[in-house]
Amino acid sequence: MDYVKTRKVRSILGVAIDALSWDDVINRILFLAAIHKSCYICICNVHSVITATRDSEFRRIINEADMATPDGAPIAWALRKLGFPSQQRINGPDLMWKYLFVAQELGHTVFFYGSTPEVLKKLHINIYKNFPKLQIAGLHSPPFRILSKEETDMEIEMINRSGANIVFIGLGCPKQEKWMAAHCGYVNAVMVGVGAAFDYHSGALKRAPLWWQHNGMEWLYRLFLEPRRLFVRYLVTNTLFIIKFSWQLIHEKILKLT
């Protein structure tokens with residue numbers, strides 16, 4: 001199936017975001033992973049989109065992704081305003097968990113790249129408890145520095161030698177997106193940047209209760225836990241997004257009237 005032709009993409013502040021359901025996301029990833037297509041998928045929240053408005057290279061990376069999902073309640077809301085009334089939030093932690101469930105049944109192999117050795121160890125244990133038949137191709141915590149070309153080549157060889165169908169990347173935004181774009185065409189697998197998913201599923205970071213998640217309030221829960229680190233990202237960035245996107249809607253309405 002040609003998934004490129006079936007994509008429904010809308011521009012949100014110049015960033016191409018896919019309008020799609022959970023089934024769409026999982027089925028597309030399964031299709032791409034089965035053929036070991038070297039490509040990457042971005043999970044885009046407000047922080048990603050606002051960063052892209054200030055960084056043209058980062059915007060290009062997202063716009064050239066094989067898929068960019070609407071993470072964060074404001075991004076899903078924006079797509080609903082742009083003509084997709086049933087759009088849900090497609091976030092990294094849930095996407096990873098949903099894929100692992102299906103991957104276990106289909107025999108897909110999975111690689112985890114990022115975070116710290118301690119988090120990866122706990123993540124491995126928790127994944128095994130929930131998906132005992134899942135084929136884990138490998139887990140790797142890269143050094144927190146710029147790698148040499150020789151080190152980069154060794155990492156690519158390690159991932160490809162593992163035979164992984166998919167590589168989940170947990171380096172944080174925008175580092176993980178830039179890593180995926182730089183390795184696209186070299187890593188023989190689907191790469192998905194999932195942000196803090198490793199921390200959540202390892203138990204290193206507590207996730208918001210389901211009610212908060214389902215009502216678009218997970219950001220507020222995280223703000224309560226980490227106010228100093230997240231104050232600017234959530235309150236200032238979210239406000240900036242609402243203002244900018246409101247202007248986009250006004251501009252599009254004016255164009256329709258002319």
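Mentor: What follows is a close look at the pockets, and then at one residue of a helix that helps to line them.

This is a predicted model, in which local features need pLDDT of at least 70 and side-chain atom pairs count only at pLDDT 80 or more, while totals for chains, interfaces and linings use all residues. Residues are numbered from 1 along each chain as its sequence is written, and side-chain values use heavy atoms, with hydrogens and water left out.

Rolling a probe the size of a water molecule over the atoms shows where empty space is left. A pocket here is an open set of points, on a 1 Å grid over the protein atoms alone, where a 1.4 Å probe fits and where protein lies on both sides within 12 Å along at least five of seven lines; its lining residues have an atom within 4 Å of a point. Volume is the space filled by probe spheres set on the points, which are joined across faces, edges and corners.

The largest pocket has a volume of about 990 Å³. Its lining is made of 45 residues, and those nearest its centre are Asn45, Asp71, Arg89, Asn91 and Arg222. Several helices (DSSP runs of H or I with at least four residues, numbered from the N terminus) each supply at least two residues of this lining, among them H6 (92-106), H9 and H13 (227-257). Sorted by class, the lining holds 18 nonpolar, 16 polar and 11 charged residues, where Ala, Val, Leu, Ile, Met, Phe, Trp, Tyr, Cys and Pro count as nonpolar, Asp, Glu, Lys and Arg as charged, and the others, Gly among them, as polar.

The second largest pocket holds about 330 Å³ of space. Of the 16 residues that line it, Leu147, Thr152, Lys175, Trp179 and His183 are the closest to its centre. Helix H8 (149-162) and H9 are the elements that give two or more residues to this lining, and H9 gives the most, with 5 residues. This lining divides into 10 nonpolar, 2 polar and 4 charged residues.

Helix H9 (residues 175-183) also contains Lys178, which is partly exposed because its relative accessible area is 38%, between the limits of under 20% for buried and over 50% for exposed, with a 1.4 Å probe and protein chains only. Leaving aside residues up to four places away in sequence, Lys178 touches Asp55 and Ile61, contact meaning heavy atoms within 4.5 Å. Lys178 and Glu57 are 121 residues apart in sequence, yet their C-alpha atoms are 9.1 Å apart in space.
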